[in-house]
Every structure is written in C-alpha cells, then in structure tokens.
Amino acid sequence: MYKLGMIVTAAVLVATSVEPSQASPTAGISSELTTTFVQVGRILADPADGRVLRDKTLVIRGNQIFEIRDGFVGEGPVVDLRSAFVLPGLIDSHVHLTGESSPTSRLDTVTQSNADQAMIAVRNARRTLNAGFTTVADMGATNEAIFAVRDAVKRGDIDGPRIIAAGDAVSVHGGHGDANGYRDDILHLLSAESVCSGVEDCMRAVRLQVRAGADIIKITATGGVLSNTSAGLAQQFSEEELAAIVGAAHRMGRKVTAHAHGVDGINAFLKAGGNSIEHGTYLDDESIRLFRQNGAYLVPTLMAGDFVARIASGSDNFFTPAQTAKALEAGPKMLDMARRAHAAGVSIAFGTDTGVSAHGDNAQEFALLVKAGMSPLQTIQSATVGAADHLGISDQAGRLAPGMPADLIAVSGDPLSDVTELERVRFVMKSGKVFRQD
C-alpha cells in the first residue's frame, strides 16, 4: 500500500495571478486561494486518450486544477500520491440515493417521510463519495428529498458527490414508476404529479418536473422489474405520449432518459428522439441502429440485473411473486445485451442502478462490463468522459485538466490491468477537498 503525505492545513496565498484578458482555462481563478500540490506517480488525466503519464504534480488552487507540472514540486501543502495510480473522479449515471432494496422496501414506502428519505440519501451520498464516485445522476426519488440533498451538497452543507437529479420519474398511471400493489386509498396518496396519461397530461408532467428543479427528465417507457405488478416489461407509453414528453423536455433545455427493458419501448423512445436508455435488456438490431443514428447512450446497469437475479433465485428472496417472475426473466439477459451493444459500437455510459444493490458497491459494475467484452480502459472511459458527455457536464467532470474541478481518486494498483482495483479506492478528492485518504 502506498503512503499518503500529510496535508498541511495552513493557507498559502499565491502572488501570481492570471489576467482575465488571457485566453487561459484558469482565467478568473482568484490569486488569493489555498494552493495544494498533489504529487502523483501515475495519472490517467484524460481517459479519452488513454495515456498514463508519470511523475506529475497537480497544482490545485481553491476547488480547481490550476496546472499540471512535470516532476514532483511543492511550495506549500502537499499530498503525496507518488506511489499511487490517479484518475478523474468516477461518474455513476444511475443511482437512487434515497433508498436501498431490502425485505422492508415496500413497508418503507408508506412509513418513511420525505425528510426520512433525505437523511438516508445523506448517508448514501457519503458512502458513494468514499467509493470514488464524485458525480452521480439520481434517476428516481421524491422531488422534495433529492433536490434538497443535491442543493445541500452544492452549498457544502453535507458531504457527497455532485448530484444530477431527475426527481420523480414521468410515468403512466398504473405502470412502472407509479405506486402499485397497495390499497386504493393509499395508491392515491403515493401517486406523484409526474404520473400522467395522454399527450397534454404528459407534457404537463414534464413541465412540472422542470419547474420543480429537475436537471434531467427520467421516464419509464416500459414496465419494470421491481414494480409490484404483473404488467410485464413491454412498452407502456404510446408513441404520441413519448414524442410529447421528449419534445416538451427538449424545449425546456432538458435531456430525457428512459427506463426501458422491452424492445418495443426502447425503439419507440429512440424514434421519438430520446437521449439515452437505462437498462436496455431486450434491445435488438433495430435498437442498435437507432442508438448509433441518434448518438444516444446506453446505461446497462449490469449490477441491477445481477442483483435481482441472485435475490429472486436465492433462499432469502424478499421479492413479491410479480417481482420475482420479472427478475428471473430479465436479470440473466442483461450481460449478453451489453455485450451485443458494445460489439456493435453503441455508446455506453457507466451506471449501476445502485439502490437496487448496495450503496458504496458501485465499482463492482466495472468487472461486469469487462465480462461483457469491454476493456478496462473502455469501462473507465464510460465512467468518466463518456458519462460526462451523456449527462452534459463535460466541463465539470470526467477528466483532469487546468480549469476543471479538482475531482480525483487514487488506487494502489493499475486499474488498466485489473479493473477491480477501482473497488479499492484509497484516496478521494472532490472540488479540491480531501474526503478520504487511507
């Protein structure tokens, strides 16, 4: 194991300033900020080019990278990662911070308040950050809970990754994303404003989500494994509703991503101009053609498929009969789906659906992606530059360069040789602040 140098806490005031007139990526960074020198032995600064650089120093001024110097230098607070492998903070494009699958999940829905779920999300956000994920996209939680946590992280009130939040998913009445399997009077209490039927109603649902603060619009284009209904995994929105949703979102400056298992829902959503598919279990050759034609991303969430299949087939299965049947049907198919999509050149963004599986275990997705035929470098690209492009945040995350936020992690070994090294993150810095150093 490598040793981490002590970080000196005293502020260092740097006299050199960058003139605003200079066309520098660091223009506008104040000269009176604490400067930290992170000395690194090996660094994958830009996963897009795959080059591993050696013996560099990241000069971090405030919350941004100011420059990357050759050799080991330090004129103030120093972080010693000279025997480590450093790469950008990871991005998980599909999590659910406000909960986690368990035998009490259905009861939790009617006993936990939005405040309870926000507190749970605070805990899970910290676990996720400590696992090396400095950015996540939360793809389904109550607006009140997840937007409060997102904003608290942004203010610095709590520790956690940068959160891109969808809030309530736009769903059809009675479908995946709506409440199912409870008494009728309880169902009316649990159903969100984002549940809709018909073109006009679905446009209204999208606009309400934008007004509420959604960064991205998440819809449930097909049935889902963990909704307690036997409605299956096929398309649930009509083509007209899908076109209305995508159009309304794009006119409001939001990307749209769709939970979709069934091939009919996948293809209908992509034909409507949707930006990405979550899961994609039953995609076919037409789906692949549409992905490539539209430049859409696939978020395979292989951990979710692996998890639900293991629970449904195990002795401690806590799923309902409807959930069990769908888990046994869809879960085992997802690895081959990702293999076919990758082989055909579909753009893949890393996403786990964590909250189905345990928070903090997100990096186990890398090994599953390798099983699906991706190289370790390609899996890292999917969790850095690929995910950043997918989420529209390439100026905020995914690589280490002057002017970018200082989001970086370190491991002991070489993740390009053994991608499971990313399950053993030893150091985490987000926005210039150290959150973990083993």
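In which helix is A367 found? A367 lies in helix α12, residues 364-371; helices (H or I, at least four residues) and strands (E, at least two) are DSSP runs, numbered from the N terminus. The model is predicted, so local features need pLDDT of at least 70 and side-chain atom pairs count only at pLDDT 80 or more, while totals for chains, interfaces and linings use all residues. Residues are numbered from 1 along each chain as its sequence is written, and side-chain values use heavy atoms, with hydrogens and water left out.

A367 is partly exposed, at 24% relative accessibility; buried means under 20% relative accessible area, exposed over 50%, and partly exposed in between, with a 1.4 Å probe and protein chains only. Not counting residues up to four places away in sequence, A367 touches V419, T420 and E423, where contact means heavy atoms within 4.5 Å. T379 is twelve residues from A367 along the chain, and their C-alpha atoms are separated by 8.7 Å.

R204 sits in helix α5 (residues 199-212) and is also partly exposed, at 30%. With residues up to four places away in sequence left out, R204 touches E193, V195 and C196. R204 and A248 are 44 residues apart in sequence, with a C-alpha to C-alpha distance of 8.6 Å. C196, touched by R204, is buried with a relative accessible area of 0%. C202 is likewise buried, at 0%. The count of disulfides comes to zero, a disulfide being a pair of cysteine sulfur atoms within 2.5 Å.

**The five-stranded sheet**

An open sheet of five strands runs in the order β10-β11-β12-β13-β14, with parallel pairing. Because β10 (217-220) and β14 (347-348) stand at the edges with a single partner strand each, one side of each has no neighbour in the sheet. Two strands pair if DSSP finds at least two bridges between them. Strands β12 (residues 276-279) and β13 (residues 297-299) pair in the parallel sense over three bridges.

H390 belongs to helix α14 (residues 385-391) and is buried, at 3% relative accessibility.

H279 is found in strand β12. Its phi is near 90°, a positive value in a residue other than glycine, and H279 is buried, at 4%. D55, in strand β2 (residues 53-61), also has a positive phi as a residue other than glycine, near 55°. D55 is partly exposed, at 39%.

**Buried positions elsewhere**

T98 is located in the loop between β5 (90-95) and α1 (105-111). T98 counts as buried, at 9% relative accessibility. Beyond its neighbours within four places in sequence, T98 is in contact with Q117, I120, A121, D138, A141, A145 and I146.

In helix α10 (residues 321-330), the buried residues are A322, Q323, T324, K326, A327 and A330. These residues pack against α9 (302-313) and α11 (334-343).

**Pocket and cavity**

On a 1 Å grid over the protein atoms alone, a cavity is a set of points where a 1.4 Å probe fits but cannot get out, and a pocket is an open set with protein on both sides within 12 Å along at least five of seven lines; lining residues have an atom within 4 Å of a point. Grid points are joined across faces, edges and corners, and a volume is the space filled by probe spheres set on the points.

| Space | Volume | Lining by class |
|---|---|---|
| Second largest pocket | about 410 Å³ | six nonpolar, six polar, seven charged |
| Largest cavity | about 40 Å³ | four nonpolar, four polar, two charged |

In these classes, Ala, Val, Leu, Ile, Met, Phe, Trp, Tyr, Cys and Pro count as nonpolar, Asp, Glu, Lys and Arg as charged, and the others, Gly among them, as polar.

The second largest pocket has 19 lining residues, with V153, K154, G156, K430 and S431 nearest its centre. Helix α3 (143-155) and strands β7 (162-165) and β17 (433-437) each supply at least two residues of that lining.

The count of cavities of 30 Å³ or more comes to one. P88, G89, T134, Q396, A397, G398, R399, M404, P405 and D407 line the largest cavity.
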